[in-house]
Amino acid sequence: MSEPISASANFSDMLGLTTVLSGSLPPTLGTLDAPDKYQVDAVFTRRPTSEEVIAIHSAATKKALVAAGYPDVTLRVSDRRLEIRDTTLEQLEMGLATFLADYLAHITEEIREYQATARKLVEDAAKVEGSRSEAVAARAALIRFQESGGVR
C-alpha cells in the first residue's frame, strides 16, 4: 500500500476527475473527418493509490461499465490522468461523466472500508495477544521457588 487512505478522510479526499484535457482530443473533432469514438483524457483530483489503480483496471470496472450501458468504453490510468477509451464527448455529457464520478468515489469508499476492517482485525489480534501474554506473565509471577523444608 503505497498511499494509505485515512479512515477519517472526508469526501474531498475521494478520487474524482476535474477536467478533460482538450489538447489530447483528436484534432478533427467538429469536422466531417471526426472519428466516431476516441480517447478522452481526464485529470484526477489527486494521484490515485495503487489500490485504486488496480480497482480501475479490474474486471469489476469493465462489468460496471457494461451494466451502465457503456460496453465499448475502457479505462486506463496514466499517472494523474484517466484515459477514457472508445468514447465521445457526447457520451460523457449524457451521463458517462457522472457514472465515472460516482464509480471512482465508490472505489475509494470500498478501499477505505476494507482498510478499516483490516486495521480493526489487527488491533483486535493485538489486544488478544496482549491479554494472553499478560495472563501468562501473571500466572508465571505466581510461581514461587521455595524449599518445602522436608528435603535435605
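Reply: Start with residue classes. Ala, Val, Leu, Ile, Met, Phe, Trp, Tyr, Cys and Pro count as nonpolar, Asp, Glu, Lys and Arg as charged, and the others, Gly among them, as polar. This is a predicted model, where local features need pLDDT of at least 70, side-chain atom pairs count only at pLDDT 80 or more, and totals for chains, interfaces and linings use all residues. Residues are numbered from 1 along each chain as its sequence is written, and side-chain values use heavy atoms, with hydrogens and water left out.

Me: How do the residues lining the largest pocket divide into nonpolar, polar and charged?

Reply: The lining has 8 nonpolar residues, 2 polar and no charged. It consists of Leu17, Thr18, Thr19, Val20, Ala42, Ile84, Leu92, Ala97, Leu100 and Ala101.

Me: What makes a space a pocket?

Reply: Rolling a probe the size of a water molecule over the atoms shows where empty space is left. On a 1 Å grid over the protein atoms alone, a pocket is an open set of points where a 1.4 Å probe fits, with protein on both sides within 12 Å along at least five of seven lines; lining residues have an atom within 4 Å of a point. The largest pocket has a volume of about 170 Å³, the space filled by probe spheres set on the points, which are joined across faces, edges and corners.

Me: Which strand and which helix each supply at least two residues of that lining?

Reply: Strand E1 (17-20) and helix H3 (89-142) do. Helices (H or I, at least four residues) and strands (E, at least two) are DSSP runs, numbered from the N terminus. The chain has 3 helices and 4 strands, in the order β-β-α-α-β-β-α.

Me: Why is Thr108 called buried?

Reply: Buried means under 20% relative accessible area, exposed over 50%, partly exposed in between (1.4 Å probe, protein chains only). Thr108 has 0%, so Thr108 is buried. Thr108 lies in helix H3.

Me: Why does Asp41 count as buried?

Reply: Asp41 has 6% relative accessibility, and therefore counts as buried. Its place is in strand E2 (residues 38-44). Buried residues make up 28% of the 152 residues in the chain.

Me: What makes the link between the side chains of Thr108 and Glu52 a polar contact?

Reply: A polar contact is a pair of N or O atoms within 3.5 Å; within protein, one must be able to donate a hydrogen and the other to accept it, and residues adjacent in sequence count only if both atoms are side-chain atoms. Thr108 and Glu52 are joined at 2.8 Å. The side chains of Asp41 and Gln39 also make a polar contact, at 2.7 Å.
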